[in-house]
Amino acid sequence: MVVFNPLFSDISLDLKEIYRGMGYGDAKPEENIRQYVAEMIARIGEVCEPCFGYEILPVESVGTHDLKIGGRTMVTGSIITPFFRKAESVALFVATAGHRFDEWLHRLRSEGDIMEEFVADAIGSEIAEATARKMSEQLAADVGPKGMKIGNSYSPGYCGWHVNQQQVLFALLPEKPCGVTLNASSLMTPIKSVSGLIAVGPEVESTPYGCALCGRADCYKNRLKQKKQTES
Amino acid sequence: MTDLHALYEAILGGKLEPAVEVTNQAIAEGIEPQKIINEYMIPAMEEIGARFEAGQAFVPNLLMSARAMKGSLDIVKPLLRGDSTTTVGKVVIGTVKGDLHDIGKNLVASMLEGCGFEVINLGVDVSSDKFIEAVKANNANIICMSALLTTTMNYMKEVIAAVEAAQLKGKVKVMVGGAPLTEGFARSIGADGYSSNANAAVALARNLMES
């Protein structure tokens, strides 16, 4: 597995995503809230050590609902699987805001200021996503010279890809990739982590990815979309 | 003479220090704590809640108001000791077993506390046994459960079964929430109520206390 430890300053946080995570949707927070978020990001910069890594494995077969990789069958579901049809190989990845941030977040929680906790949590989620984006950039740069392109990143727990398939994904990676572990419910620790797959191949395309892919009524992203449509 | 409208404005605007300052002044002047709560604090929280429901305020506004409210309540609560209105009700809250997501649950806990409930926060990955123990130990009125995953939300049914097995059904109400949940799911598992956000959770908890 190739592992990278980018500087926090090299992770491009998307403020709009942080505000969205705080419940603002597309609205712009008041100046005092924006200032609060900026100060919190600066504090987090002192304690956050992001990490990402990936392992590229050949695709052995692609079914209607699953992929065979490294001798194991990963049930990716009918929505996600078609995006791997043109893949020669896949990058199995992990990206995390890291243990130090996780411990800091726990300390913050124990201090009991819900506003601090809430904002730090939203920033932490975006750090994990931004680290995953950084990983995609690195992967594209690594495989590009070999004539390969990469697809979108997909994660267990979304679009009908059951979260328990994390166990298969992690079984194909070295133990504790980037220090990330799974519990019995297939949740990761540190909690601000992202894992998943990216298709790699000369014919692979990166397509606009969003909730248009799937209409699951029990997905919170679809709920937010529906709420927005109802309000507009 | 203290301008208690400033307390209303401080809570509405989520300003902790002015809220505490005005409350202290009001108490020093001998104003009835119950009057401070009923005529200024609660209306301020109701107003921020209404603005939130109307899309005119956001979660951070709710949180800051709840924080200001709690700061003021902490001052007046000891003066209410012995009064039946000291606490609106006792809530045992937790994220169910297998799930580690706690921010949504903590938002609800904070709002409930800000609105006068006593909250026993059990944290994350909470088993049915822990819920039942906490209800018995605290003589709680409500169990409030949260889950973020479709895989873990089904555990709520086990907790409700444990409530029945412990012969607590009817004595303690069960409310549930979390991103993948729906009203229909809540009904299907036998919960007494469902809420989709922290503000609605407070209204639901109040209703459950009255039912």
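Is B:Cys115 buried or exposed? In this predicted model, B:Cys115 counts as buried, because its relative accessibility is 9% and the cut-off for burial is under 20%. B:Cys115 takes part in no disulfide, the nearest cysteine sulfur being that of B:Cys144 at 13 Å, and over all chains the structure holds zero disulfides. A:Cys178 is also buried, with a relative accessible area of 16%.

**Confidence**

For chain A the average pLDDT is 90, and 89% of the residues score at least 70. Among the elements of that chain, strand S5 (residues 89-96) has the highest mean pLDDT, at 98, whereas helix H7 (residues 220-231) has the lowest, at 56.

**Nonpolar cores**

The largest nonpolar core comprises 75 residues, and the members that touch the most others are A:Met22, A:Val37, A:Ile44, A:Ile123, B:Leu7, B:Ile11 and B:Met41. Helix H4 (residues 59-76) of chain B gives the most to this core, contributing nine residues. Once neighbours within four places in sequence are set aside, B:Ile11 is in contact with B:Ala19, B:Met41, B:Ala44, B:Met45, B:Ser65, B:Ala68, B:Met69 and B:Ser72. A second, separate core holds 29 residues, including B:Ile120, B:Leu181, B:Ala186 and B:Ala191. In soluble globular proteins, nonpolar side chains tend to be buried together.

**Aromatic pairs**

A search of the whole structure finds six aromatic pairs over all chains, and two of them, both in chain A, are set out below.

| Pair | Centre to centre | Angle between planes | Class |
|---|---|---|---|
| A:Phe4 and A:Phe52 | 5.0 Å | 25° | stacked |
| A:Phe83 and A:Tyr154 | 5.3 Å | 35° | tilted |

A:Phe4 is partly exposed, with a relative accessible area of 22%, whereas A:Phe52 is buried, with a relative accessible area of 2%. Together with A:Tyr54, A:Phe4 and A:Phe52 form one aromatic cluster.

Methods:
Residues numbered from 1 in each chain as written. Chains lettered and ligands numbered in written order. Predicted model: local features only at pLDDT ≥ 70, side-chain atom pairs only at ≥ 80, totals over all residues. Heavy atoms only, no water. Core = buried A, V, L, I, M, F, W, Y, C linked by side-chain atoms within 4.5 Å. Buried < 20%, exposed > 50% of the residue type's maximum accessible area, 1.4 Å probe, protein only. Helix = DSSP H or I, 4+ residues; strand = E, 2+ residues; numbered from the N terminus. Contact = heavy atoms within 4.5 Å. pLDDT = per-residue confidence, 0-100. Disulfide = S-S within 2.5 Å. Phe/Tyr/Trp six-rings, centres within 6.5 Å; stacked < 30°, edge-to-face > 60°.
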